[in-house]
Amino acid sequence: LKPKVQWLKELGVDDSQVTKTITAFPQLMSYSLKGKLKNMVQWLKALGLDDSQVAKTITTFPNLLGYSLEDNLTPKVKTLRDYAFTDKQIVSVLSTSPGCLGLGSGRWAHRLS
């Protein structure tokens with residue numbers, strides 16, 4: 001428990017948001033810190049999110065931490081690129097409305113059309 005709380009704080013999540021994030025998505029405490037959680041942050045940063053945007057994304061939509069990069073998130077970012085979203089626009093979507101990544105594929109295509 002303690003290493004994951006410390007990890008969230010190192011990302012820039014304050015104490016009240018740590019509690020809120022864990023309460024909203026307690027499953028994150030069962031995930032591998034060195035595997036799933038750090039890989040997700042690395043992926044978000046590779047897309048262009050800065051530390052504060054990563055922290056905001058995680059606290060706004062902590063369920064994101066449970067999604068598969070390979071099967072869910074990477075294909076959705078590819079879809080955004082296919083619709084001519086720039087990297088800057090993708091960062092904006094992810095940092096301001098990360099919950100949109102929770103939409104099913106069918107709803108995704110419908111919303112983008």
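Visitor: Ser97 first: is it buried, partly exposed or exposed?
Guide: Ser97 counts as partly exposed because its relative accessibility is 36% (buried is under 20% relative accessible area, exposed over 50%, partly exposed in between, with a 1.4 Å probe and protein chains only). Please note that this is a predicted model, in which local features need pLDDT of at least 70 and side-chain atom pairs pLDDT 80 or more, while totals for chains, interfaces and linings use all residues. Residues are numbered from 1 along each chain as its sequence is written, and side-chain values use heavy atoms, without hydrogens and water.

Visitor: Where is Ser97 placed?
Guide: Ser97 sits in the loop between helix H6 (87-96) and helix H7 (105-112); helices here are DSSP runs (H or I, at least four residues), numbered from the N terminus. The C-alpha atom of Ser97 is 8.3 Å from that of Thr60, although the two residues are 37 apart along the chain.

Visitor: Now Thr57. Which helix holds it, and is it buried or exposed?
Guide: Thr57 belongs to helix H4 (residues 51-60). Thr57 is buried because its relative accessibility is 1%.

Visitor: What does the side chain of Thr57 reach?
Guide: The side chain of Thr57 reaches the backbone oxygen of Gln53 at 2.7 Å. Leaving aside residues up to four places away in sequence, Thr57 touches Leu49, Pro62, Leu64, Leu94, Ser95 and Pro98 (contact means heavy atoms within 4.5 Å).

Visitor: Which other residues in H4 are buried?
Guide: Besides Thr57, Val54, Ala55, Ile58 and Thr59 are buried in H4. The buried residues of H4 pack against helix H1 (2-10), helix H2 (15-24), H3 and H6.

Visitor: Changing topic: at what angle do H3 and H5 pack?
Guide: Helix H3 (residues 33-47) and helix H5 (residues 69-82) pack at about 10°, and their axes are 12 Å apart. H3 is therefore roughly parallel to H5 (a label for angles under 35 degrees).

Visitor: Which residues meet there?
Guide: From H3, Asn39, Met40, Trp43 and Leu47 meet Leu69, Leu73, Thr74, Val77 and Arg81 of H5. By class, this contact of H3 with H5 has six nonpolar, two polar and one charged residues.

Visitor: Finally, where does Ala84 lie, and what is its phi?
Guide: Ala84 lies in the loop between H5 and H6. The phi of Ala84 is near 70°, a positive value in a residue other than glycine. Ala84 is exposed, with a relative accessible area of 59%.

Key. Axes are lines fitted to C-alpha atoms, for helices over the stretch in contact, and angles run from 0 to 180 degrees between N-to-C directions. Helices (H or I, at least four residues) and strands (E, at least two) are DSSP runs, numbered from the N terminus. Angles under 35 degrees count as roughly parallel, over 145 as roughly antiparallel, 65 to 115 as roughly perpendicular and the rest as oblique. Ala, Val, Leu, Ile, Met, Phe, Trp, Tyr, Cys and Pro count as nonpolar, Asp, Glu, Lys and Arg as charged, and the others, Gly among them, as polar. A polar contact is a pair of N or O atoms within 3.5 Å; within protein, one must be able to donate a hydrogen and the other to accept it, and residues adjacent in sequence count only if both atoms are side-chain atoms.
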